[in-house]
Structures are given as C-alpha cells and as structure tokens.
Amino acid sequence: MKLWGGRFTKEENQLVHNFNESLSFDRRFYRQDIEGSIAHVTMLEKQGIVSEADRDAIIGGLRGILEDLESHKLEFTAEHEDIHSFVEANLTERIGEAGKRLHTGRSRNDQVALDMKLYCRDEIGELDGLVRALLEELLKLMEENLDTYMPGFTHLQKAQPVTLAHHLGAYFEMFYRDLGRLSDIKKRMNTCPLGAGALAGTTYPLDREYSAGLLGFDGPTFNSMDSVSDRDYVIELLSALSTVAMHLSRFSEEVIIWNSNEYRFVELDDAYSTGSSIMPQKKNPDIAELVRGKTGRVYGALVAILTTMKGLPLAYNKDMQEDKELTFDAIDTVKGCLALFTGMMSTMVFRKDVMEASAKKGFTNATDAADYLVNHGVAFRDAHGIVGQLVLYCLEKEIALDDMTLEEFRAVSPVFEEDIYEAISMKACVERRITQGAPGQEAMKQAIAACRRRLEQ
C-alpha cells in the first residue's frame, strides 16, 4: 500500500511505478532519513504529541533498521516507492501501531528536503577533506621545488622563467578558493526544513528550533513554501563542483602536455598510466585525460538542474526529484577525480633538467636581457629591438641566448659586458622577481608560509 493510497481505487500501473519511483537512487539517503526521523520523533515527544513509549519504540525500531541495512541483513525491495516509504513500512512491520505515528506533523516534501540537505552537508565535509589533501600535496611539492626552473607561458608560448613552485602555487590558489566556496555553501544551506510540512506548515505545536538543533543546523528555515521548493544549495554545490572540475581539467591538460615526448617535463608513475593494445612503446596519461573528460559530465549536471528549476512554480513539484541522480553522480565524479589526481601528483617525477633547458631554449630570459640594456642607459624601446635581433640570430644558429659569445652580443650592441651571462641566468632572472606573489625564492617562501597558515585556519 502506498503512503498516499487511501485516495485511490486502482493499483498504480507498473510502468507508472517504475517511472515515478526513486528508491533505486534515493536509497543512499537511508542514514540521513533515519537520522531526521529520530530527531523528528524526539521533538514530537518533547511537545507531547506522541508518548514516551512510542518515541522509544520508534527510535529503537529506526536504529534496528539502520543496523540491519549497514550489515546487509535488510535489503531494499522494489515494491517501495522511495526511501521514506521503505523505512516507514519496515518500521511499522517491526513495532506495529507506533510506527504509524512517526509521520505526524511531517510531509514527504519537508522530509526529502531535509534528507537532501543532510546528505549534501555530509558530502561537502568529504569534498573538503579531498581538496585539503590535494592542497597539502601541492604545498609539499612547492616546498621541494623552489629552485626548479621552468618556462612560464602565455598563449602556450614560452614567456618568462618561473619555478615549478610558483607554477604549482597558482593551482594552490585555485583549489583554495574552491575550499572557500564549499565552506560558504555549507554555511548558507545550514537551515532546517523539517516542520515545513507539504508547503504550509502544520497545526501541530512543533518546536522547529529544537529539531534543527538536534540535527546540527543553525536554525529552521524561515518560509515553509521556500523550505520545500528550494534547491539553490544543490545548484550552488553543482556550480562549485563544476569549478573544482574545471581546475582539475586545466591542471590535467598541463600534465598531458608535460608528459608528451615534445616536452618530457614529467614522468608519470606506471600505476597512473596505461599502455596501448597495439603500440608497445606507449605510456598514456589516461587518468589525466579522464579527469579532463569527466569535467563535461559535471557541467552537464549543473546545466540540467538549472534547466529543471527554471520554470517551476511554488511550491514542491515532482520535477525536483531529478536533482538527486544528477547531484549524486557529480559528487561521486569529483570525489573520484580529486582522489586520483592527488595520487597521480604524489607519484609524478619532475624532470628538472629538461624544464630548465626548455626555459633557456625558449628565450624566456629575453626580457631580462632587455632590462640589462635599460639598466646600462639604453631606452627600453631600443633595448627591445636589440634583443629581438639577438633572438633572430639565435634562431638562425639554433642556440640559446646563454650560448652566445660576448663578441656575438657586442656585434649587435657594444653595451653588453661579461656580466650579461649572470644577468640572464635562470637563477638571476627568477631571483630578481621579489614582489609579493612573484617566483623569487624569498617571495615564494613567504607565499608558502602564508598558504600553510591559510590552510590551517
């Protein structure tokens, strides 16, 4: 019998049941549903709406269901419409008439809104931990690579020399902002919809503040219609997950490029690579490619829920059931990507010699050569032209600026002296950049210390 079966004279068509049911996916709410029900009946007894004996029987029955589900003694069965009806039916079967009193002063509308909030709040905690683990790994790599010189890029063209620590620090900032977004969502969503009823509250003297406190919320929601129709927190969470996935995808793209034969900046661990079924020499960056690919899947969930919600009138509509599978999949996807990406980073070998050679051959010290001339009295525009000529000469000779003889330098401009070699060394080019946020070693040490403090707060 359905929870709503009293109004109907016919059994539900099986195809309709299959189309309408949600137990196949909202079963993962079982802990949250039982937790919410225990809080609800605790409040009902406090308010004198159910007896102490009924409360104790209901709570005992709910805990028994939870224990049996956890130990797989109790299995989900297809005749139930959703997790709420599954739990209530099993409860009534176990404890009898008292089980029917659990739903007093409650609707499935505020019940599912509560379950979804509890679930998202729990998952945000897990996502927070995974992002923090990645940030810790990035900090470790930054500390180890303060003097690992590499080319910095704009337009995917080698631009100026930086360090690997500085490059990784940019991703630290991205993922740190992701941490902040998750925290903001958790704060904003932390109000309890329980007691809102179907849409207009209830005539029972519920203590919504008490229920909210039992469940760790800051307080109850303020409007009963909004309580059951709000999915903003789902949209915000999917937006934050899309941003996390985008950051992972950008980083994965760089790992894929760095792993190519043309770059050879990194060597991926065998455990995070795969081979080819036909080409025995291949070692493919499949994990990075899959992380990059799954980003579109997460974006799809965000666009889908935005599209679902855009035309819904108040208050609850069955369309909102579509939020669950999308959200579950996006959370699972991002959690998996974070864990795998962190593992890949922790086992990756950086080819420091190749990185530094690439920076030299890419003329990333050209700007510093121009600055050298400016510091010796040459106007910047003239210095820019002189160094341009030097680069053209090096391209013809297939050498780096560092490989030129002093005579070759002076043939273009007599201003050059022996100290030009020190001025355009990778170390000097990087170390002269001392402003806050720059790649110089002292600036980076301060940045890493600040990153550590922010992460620990």
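Contact here means heavy atoms within 4.5 Å, and a residue is called buried when its relative accessible area is under 20%. The model is predicted.

In helix α11 (residues 286-309), the buried residues are Ile287, Ala288, Val291, Thr295, Val298, Ala301, Leu302, Ile305 and Met309. The elements that cover these buried residues of α11 include α9 (224-229), α10 (232-259) and α12 (323-347). An α-helix has 3.6 residues a turn, so residues three or four places apart point the same way. The length of α11 was also checked: at 1.5 Å a residue, its 24 residues should span 34 Å, and the end C-alpha atoms lie 35 Å apart, which agrees.

Two packed helices are described by the angle between their axes and the distance between the axes. For helix α3 (residues 30-46) and helix α4 (residues 52-70), the angle is about 170° and the axes are 9 Å apart. Because angles over 145 degrees count as roughly antiparallel, α3 is roughly antiparallel to α4. On the α3 side, the contact involves Tyr30, Arg31, Ile34, Ser37, Ile38, Val41, Thr42 and Glu45. These meet residues of α4 that include Arg55, Ile58, Ile59, Leu62, Ile65 and Leu69. By class, the contact of α3 with α4 comprises 10 nonpolar, two polar and six charged residues.

Ser107 is located in the loop between α5 (83-95) and α6 (108-144). With a relative accessible area of 14%, Ser107 falls under the 20% cut-off and is therefore buried. Its side chain reaches the backbone nitrogen of Asn109 at 2.9 Å. Leaving aside residues up to four places away in sequence, Ser107 touches Gly197 and Ala198.

Note on methods:
Residues are numbered from 1 along each chain as its sequence is written. This is a predicted model: local features need pLDDT of at least 70, side-chain atom pairs count only at pLDDT 80 or more; totals for chains, interfaces and linings use all residues. Side-chain values use heavy atoms; hydrogens and water are left out. Helices (H or I, at least four residues) and strands (E, at least two) are DSSP runs, numbered from the N terminus. Buried means under 20% relative accessible area, exposed over 50%, partly exposed in between (1.4 Å probe, protein chains only). A polar contact is a pair of N or O atoms within 3.5 Å; within protein, one must be able to donate a hydrogen and the other to accept it, and residues adjacent in sequence count only if both atoms are side-chain atoms. Axes are lines fitted to C-alpha atoms, for helices over the stretch in contact, and angles run from 0 to 180 degrees between N-to-C directions. Angles under 35 degrees count as roughly parallel, over 145 as roughly antiparallel, 65 to 115 as roughly perpendicular and the rest as oblique. Ala, Val, Leu, Ile, Met, Phe, Trp, Tyr, Cys and Pro count as nonpolar, Asp, Glu, Lys and Arg as charged, and the others, Gly among them, as polar. The expected span of a helix is 1.5 Å times one less than its number of residues.
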